[in-house]
Amino acid sequence: MVKAALTLCFLLLSHISVGTLVLANEKKTWCVAKPSSDQKTLQENINYACSQVDCRILQKGCPCSSPDNLMNHASIVMNLYYQAKGRNYWNCHFGNSALIVLTDPSYGSCIYE
């Protein structure tokens with residue numbers, strides 16, 4: 001009986017450890033605009049994402065307002081949308097104009113969440 005209880009405890013602890021290991025190894029991902037995206041598509045992506053999430057981070061004087069170009073702004077707000085919607089691959093499609101990346105695109109004091 002004691003041996004069975006010890007075996008059960010070991011199995012439970014093993015399962016918990018494996019689950020924790022998987023969570024610890026889960027990689028953070030970000031959504032950014034594809035470099036090949038045209039200006040019209042980038043603007044449409046900004047408009048759509050900003051209709052769904054708070055885009056005040058792009059206001060003049062905020063850390064992510066510079067550089068002031070569509071590629072930068074689209075990447076920031078597309079990532080805000082992607083993060084807000086649960087980091088699902090389908091939330092980073094934007095008509096095939098986006099990429100999911102494993103490298104943190106933050107720069108200077110502009111931190112991608």
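## Helix 3: length

At 1.5 Å a residue, helix 3 (residues 70-84), with its 15 residues, should span 21 Å, and its end C-alpha atoms are 21 Å apart, which agrees. The expected span is 1.5 Å times one less than the number of residues. Helices (H or I, at least four residues) and strands (E, at least two) are DSSP runs, numbered from the N terminus.

The model is predicted: local features need pLDDT of at least 70 and side-chain atom pairs count only at pLDDT 80 or more, while totals for chains, interfaces and linings use all residues. Residues are numbered from 1 along each chain as its sequence is written, and side-chain values use heavy atoms, with hydrogens and water left out.

Buried means under 20% relative accessible area, exposed over 50%, and partly exposed in between (1.4 Å probe, protein chains only). Among the buried residues are Ile76, Val77, Met78, Tyr81 and Tyr82; Asn72, His73 and Gln83 are buried too. Their cover includes strand 1 (30-33), helix 2 (39-52) and strand 2 (98-101).

At the start of helix 3, a side-chain oxygen of Asn69 comes within 3.2 Å of the backbone nitrogen of Met71. After the helix comes Gly86, which has a positive phi, near 105 degrees.

## The whole chain

The chain has three helices and two strands, in the order α-β-α-α-β from the N terminus. It holds 113 residues, of which 31% count as buried. Among contacts (heavy atoms within 4.5 Å) with a separation of 6 or more, 73% join residues 24 or more positions apart.

The accessible surface of the chain is about 7,500 Å², and carbon and sulfur atoms account for 63% of this area. Accessible areas come from the Shrake-Rupley method with a 1.4 Å probe; for residues, only the protein chains shown count as cover.

## Two loops

Tyr89 sits in the loop between helix 3 and strand 2, and its relative accessibility of 59% means that Tyr89 counts as exposed.

Ser36 belongs to the loop between strand 1 and helix 2. This serine is also exposed, with a relative accessible area of 67%. Ser36 and Ala98 are 62 residues apart along the chain, and their C-alpha atoms are separated by 9.5 Å.

How values were computed
Polar contact = N/O pair within 3.5 Å; in protein donor to acceptor, adjacent residues only side chain to side chain.
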